[in-house]
Amino acid sequence: MATFLCRLGRFSFRRRRPVALLWVVLLVGAGVLAGRAPAAPPNDFSMPGTEAQQAYDLLEQDFPELKADGATARVVFRAEDGKVTDPQTRRAIGETVRALGDDPQVARVTDPFTTHSVSKDGSTAYAQVSYEVSASKLEDGSRTALRDTVERAASPELSVEAGGNAVEAKGAGHSSEAAGLAVAAVVLVLTFGSLLAAGLPLLTAVLGVGFGALVIRVLAEPLGLGSTTTSLAVMIGLAVGIDYALFVVSRYRAELARGRGREEAAGHAVGTAGSAVVFAGLTVVIALAGLSVVGIPLLTQMGLAAAGTVVIAVLIAITLIPALLGLCGRRIGPVRPRRRKGRQRPGTGVRWARFVTRRPVTVLLGGVVLLGVVALPAASLQMGLPGDDSKPVSTTQRRAYDMIAEGFGPGYNGPLTVVVQAEDGGSAGQAAKNVTKRLDGRGDVTAVGKPRLSASGDTAVLSVVPAASPSSTQTADLVHALREPALVRDAGARVLVTGTTAMNVDVSQKLSDALIPYLALVVGLAFVLLIAVFRSLLVPLKAALGFLLSVLAGLGAVVAVFQWGWMGSVFGVTEPGPVVSIMPIFMVGVVFGLAMDYEVFLVTRMREAYVHGQSPKDSVVSGFEHSARVVTAAAVIMVSVFAAFLGSEEQILKTIGFGLAAAVFFDAFVVRMTLVPAVLALLGRRAWSLPRWLDRLVPELDVEGERLESSRQGVAEAGGAAPVDVAAGRVSGT
């Protein structure tokens with residue numbers, strides 16, 4: 001592997017202009033195609049195979065006029081002085097209802113005075129708007145018309161707000177990415193001490209993310225990729241793109257400092273650091289693509305789109321980076337040793353590694369206890385999908401939610417739709433009455449609507465209003481109670497529960513059930529890969545256990561902030577509640593891949609030193625000497641990129657950004673930089689051993705570049721003579 005990548009790096013360095021031009025052509029071509037492609041549709045949290053989805057399908061069949069799968073909006077009116085039933089206010093509401101119905105995509109609009117959607121105190125009323133098409137197919141003109149109508153209807157005497165999936169929500173914008181890039185730029189300048197060297201990782205990362213985002217835009221319509229898909233791909237692509245380029249550029253400068261010629265240094269950097277990039281990227285791709293086994297379309301889209309950006313980042317690191325290094329020439333020089341006053345002292349990384357290797361047991365126990373304490377809140381994890389209650393109070397969706405909760409009760413923000421289908425010639429109407437009787441008097445039910453029969457009389461549908469909010473555990477328990485076999489027997493018919501709230505319950509349950517199998521699949525595949533990379537059983541095992549500690553600590557931090565509300569004002573959490581249900585499994589996938597990044601980058605330098613003859617403890621110190629500063633910079637950059645998404649107004653991005661930032665911080669600075677050297681110091685030579693029977697089966701990947709050191713095949717293939725590095729003042733290879 002190292003030999004092949006070395007040749008690729010040398011080729012890209014020699015043919016730098018054609019290689020750079022090829023990437024420019026690819027970027028321009030993707031831009032042209034993206035410019036002609038339609039916009040990405042809104043996110044759709046559908047769940048094939050669940051009871052909620054089955055009920056949606058049944059409603060579409062027996063009640064096509066209801067447009068069960070269509071977009072919806074709820075327009076809420078509140079009289080600031082008087083009541084909504086006052087003649088003037090009532091006329092204003094009627095005019096708004098008629099204006100809402102003028103949109104060609106609107107199927108129907110309910111009049112609050114005919115549907116009795118007026119609060120008991122007469123202060124609040126709401127109209128339900130149903131659209132012919134789903135939210136993903138709703139035209140921008142219809143969304144604009146809805147917003148304009150709501151804004152025109154508002155007055156000092158009447159507050160008007162709108163919620164629902166037909167209301168366009170703000171995207172993450174570009175401020176989050178810009179903030180992450182700004183921090184990355186500062187860290188890179190401090191790391192390299194050169195604006196040009198620091199600019200290369202930023203330039204290539206932005207190029208890779210831009211290329212990936214354009215490809216996603218091209219595929220958005222045919223594959224149904226939602227807007228959040230692009231945001232998450234950008235988040236992951238920026239982080240790994242900067243890190244991968246950072247490792248290759250830093251290794252190139254280190255090889256120049258050793259006296260290699262520029263072409264040979266580029267080849268050696270791609271052969272060694274590039275090998276680590278390839279296998280680190282492969283673990284990330286495995287983790288992200290593995291999300292498809294969960295069976296949730298949105299999660300599959302997120303994983304595959306982010307995996308695509310990681311592949312692009314890897315390809316750029318091993319082809320475009322050496323080409324740009326060739327174009328920069330002598331303007332990017334070797335690493336310069338730091339000048340220190342007085343006696344020469346080792347760097348911080350070396351001093352830290354020596355401290356850890358002298359006290360491995362104490363450091364190991366302290367690190368595990370620290371992560372264990374942070375992980376404790378994860379035992380109270382509650383999951384759900386974000387709704388209008390999780391949006392900032394500055395949005396119309398959140399204000400509409402609060403007005404409904406205050407005027408009618410929190411349950412009216414998430415009514416359940418119960419579908420009753422008669423079996424064996426029974427009566428759906430009678431079965432619906434039986435369900436209503438069972439629900440009467442329940443403390444967790446506020447109201448039960450009148451059943452509506454289908455044209456055939458075989459199916460009935462009724463609305464059930466919970467007493468608690470849509471995201472509460474009480475409402476989730478009510479959904480499960482409506483699905484109990486005892487209720488089905490009493491009804492004498494098939495009973496299905498659907499609606500947005502029920503769908504969210506099903507999504508959360510499916511994600512919870514899939515977490516352990518997914519974890520086993522991803523860790524198992526990566527474990528096999530790392531055995532081949534490190535030619536060891538104990539090192540991959542240690543890597544997997546450290547990853548579990550990082551994920552649990554990250555989840556604990558998420559629960560403390562987003563579910564319990566600790567320091568919520570600092571992180572912009574306006575309303576604590578259940579954690580976004582895709583967060584745990586997505587964190588497992590992403591953090592595992594990124595954790596293996598640091599594992600591969602840091603431990604390969606340790607193994608490289610061990611393979612070249614150093615003792616186990618000395619190899620740990622040597623690995624820190626060559627990679628601790630760069631790994632620290634990479635971790636700070638990645639944490640900054642993820643943390644920047646705390647500025648997003650989408651709860652899902654805010655939660656994922658915080659969770660990934662916290663987990664990467666714990667993994668990089670506690671697990672990889674602290675626990676890893678402690679464990680390796682305790683294991684000694686056993687860390688790098690492999691059973692003989694397994695050694696014969698595992699391929700020799702040569703990630704540490706031992707063959708490059710021993711044979712210098714690249715020099716021989718270039719013509720048999722060692723190239724002269726004029727800048728270094730010596731002959732390469734001597």
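1. A residue is called buried when its relative accessible area is under 20%, exposed when over 50%, and partly exposed in between, using a 1.4 Å probe and protein chains only. Helices (H or I, at least four residues) and strands (E, at least two) are DSSP runs, numbered from the N terminus. In helix α21, 29 of the 33 residues are buried, so the helix is largely enclosed by the rest of the structure.

2. This is a predicted model, in which local features need pLDDT of at least 70 and side-chain atom pairs count only at pLDDT 80 or more, while totals for chains, interfaces and linings use all residues. Residues are numbered from 1 along each chain as its sequence is written, and side-chain values use heavy atoms, with hydrogens and water left out.

3. Helix α21 spans residues 651–683 and has a kink of about 40 degrees centred on V671. The bend at a residue is the angle between axes fitted to the seven residues ending there and the seven starting there. After α21 comes G684, with a positive phi near 65 degrees.

4. A nonpolar core is a set of buried Ala, Val, Leu, Ile, Met, Phe, Trp, Tyr and Cys residues joined through side-chain atoms within 4.5 Å. The largest one here has 157 residues, and Y244, L299, F547 and F642 have the most contacts inside it. Another core, of 25 residues, lies apart from it and includes A73, I93, V97 and V167.

5. Contact means heavy atoms within 4.5 Å.

6. The axes of helix α9 (residues 262–289) and helix α19 (residues 583–611) come within 8 Å and cross at roughly 160 degrees. Axes are lines fitted to C-alpha atoms, for helices over the stretch in contact, and angles run from 0 to 180 degrees between N-to-C directions. Angles over 145 degrees count as roughly antiparallel, and α9 and α19 are therefore roughly antiparallel to each other. Residues of α9 including A273, V277 and A280 meet residues of α19, among them G589, D597 and F601.

7. Most residues other than glycine have a negative phi. H116 is not a glycine, yet has a positive phi of about 60 degrees; R535, also not a glycine, has a positive phi of about 50 degrees. H116 is in the loop between β2 and β3 and is exposed, at 69% relative accessibility. R535 is in the loop between α17 and α18 and is buried, at 8%.

Key
Angles under 35 degrees count as roughly parallel, over 145 as roughly antiparallel, 65 to 115 as roughly perpendicular and the rest as oblique.
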